[in-house]
Amino acid sequence: MLGYFAYVALLAMVYPLPPPTVARAWLVLAGATAVFLLLARPPFRIVRDWIPLLFVLTAYREMDWFSIGYKARHLEAQWLQWDQWLFQAGLRSAIESLGPVLPWILEFSYLLVYGIGAASVGAFYGLKRRYRVNQFLTVYVSGTLFVYAMFPYFPSDPPRVVFPGTDLTQFLTGIRMVNLYLLGGYGIHSSVFPSAHVSSAFSAAWGLLRFLPEQPWVGRSMLIYAVVVSIATVYGRYHYAADAVAGILVSLVALAIATRLQPVTRKALATTDQ
């Protein structure tokens, strides 16, 4: 996480961003460094399991500083063609075949993404495997931050914004209105590629499958949920299909790195929580 904040501070100087914003980026890095040095002390071991989830939100908000770049729209135009091919192939008709039921489920799944990290860490606690939280967070945090780090290089907006009225769902459910409100009031506008929703969901699934092998149903359930989220992002026009595919690929990179840094050994699996 410190590497990410340092990357943003340097990128803010190169981009370049206004001096006050550059100063804020360096202040975030300094503040995060101070917090992590404090949390390295033994009394804070429990807090250390949860505080990265809050810093992920900080990392997300930082990317809004890079929303000032020119957006040529050629990327979105190509991505839209691929989406329309999917819809013509039957994706939309299949989802809407039961009326508002499946669209409601997709929107609700999209809303729940914000709690994935906390729910996953809670699963390790509930199953008495707290000592593996750090291994899980290596996957989850990496898969999320890698996506954020790519945003400045792919300036883009969601299809519902760039192409209003095109391929929109015909069901305006209450959950969809909540999602639109959250994105409108708290979302960022630098990029939608890759999809952070998709990458974080799949990263959580890989982390649970890898580091909670005694309870495979937990990871498998999260994996199914991640697939649902990826469909929801495209159907709800929050993302293009290209964003979702890229998000999955980023999560696999995060898994590979985390596996290298945090290998699962028999000794580790045999350890009991204290």
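Q: Is Arg73 buried, exposed or partly exposed?

A: Arg73 is partly exposed, with a relative accessible area of 32%. Buried means under 20% relative accessible area, exposed over 50%, and partly exposed in between (1.4 Å probe, protein chains only). A word on the basis: this is a predicted model, where local features need pLDDT of at least 70 and side-chain atom pairs count only at pLDDT 80 or more, while totals for chains, interfaces and linings use all residues. Residues are numbered from 1 along each chain as its sequence is written, and side-chain values use heavy atoms, with hydrogens and water left out.

Q: Which side chain meets that of Arg73 in a salt bridge?

A: Side chains of opposite charge can pair when their charged atoms come close. The rule for a salt bridge is a side-chain nitrogen of Lys or Arg within 4 Å of a carboxyl oxygen of Asp or Glu. Here Arg73 pairs with Glu76 at 2.8 Å, N to O. Glu76 is buried, at 1% relative accessible area.

Q: How many salt bridges does the rule give?

A: Nine. One of them joins Asp64 and Arg61, at 3.8 Å from N to O. Asp64 is partly exposed at 23%, and Arg61 is partly exposed at 35%.

Q: Where do Glu214 and Arg132 lie?

A: Start with the contact: their side chains form a salt bridge, 2.6 Å from N to O. Glu214 sits in the loop between α11 (196-211) and α12 (216-235), and Arg132 in the loop between α7 (116-126) and α8 (133-150), so the pair ties together parts that are 82 residues apart in sequence. The helices are DSSP runs (H or I, at least four residues), numbered from the N terminus. Glu214 is partly exposed, at 32% relative accessible area, whereas Arg132 is buried, at 1%.

Q: Which residues do salt bridges with shared partners join into one network?

A: Arg73, Glu76 and Asp157.

Q: Now the helix. Which residues of α7 are buried?

A: An α-helix has 3.6 residues a turn, so residues three or four places apart point the same way. In α7 the buried residues are Ile116, Gly117, Ser120, Val121, Ala123 and Phe124. They cover an arc of only 150 degrees around the axis, so they lie on the same side of α7. The arc is that of the directions from the helix axis to the C-beta atoms.

Q: What covers these buried residues of α7?

A: Look for contacts, meaning heavy atoms within 4.5 Å. The cover includes α3 (45-62), α6 (101-112), α8, α11 and α12.

Q: Which residue with positive phi follows α7?

A: Lys128, with phi near 60 degrees.

Note on methods:
Helix = DSSP H or I, 4+ residues; strand = E, 2+ residues; numbered from the N terminus.
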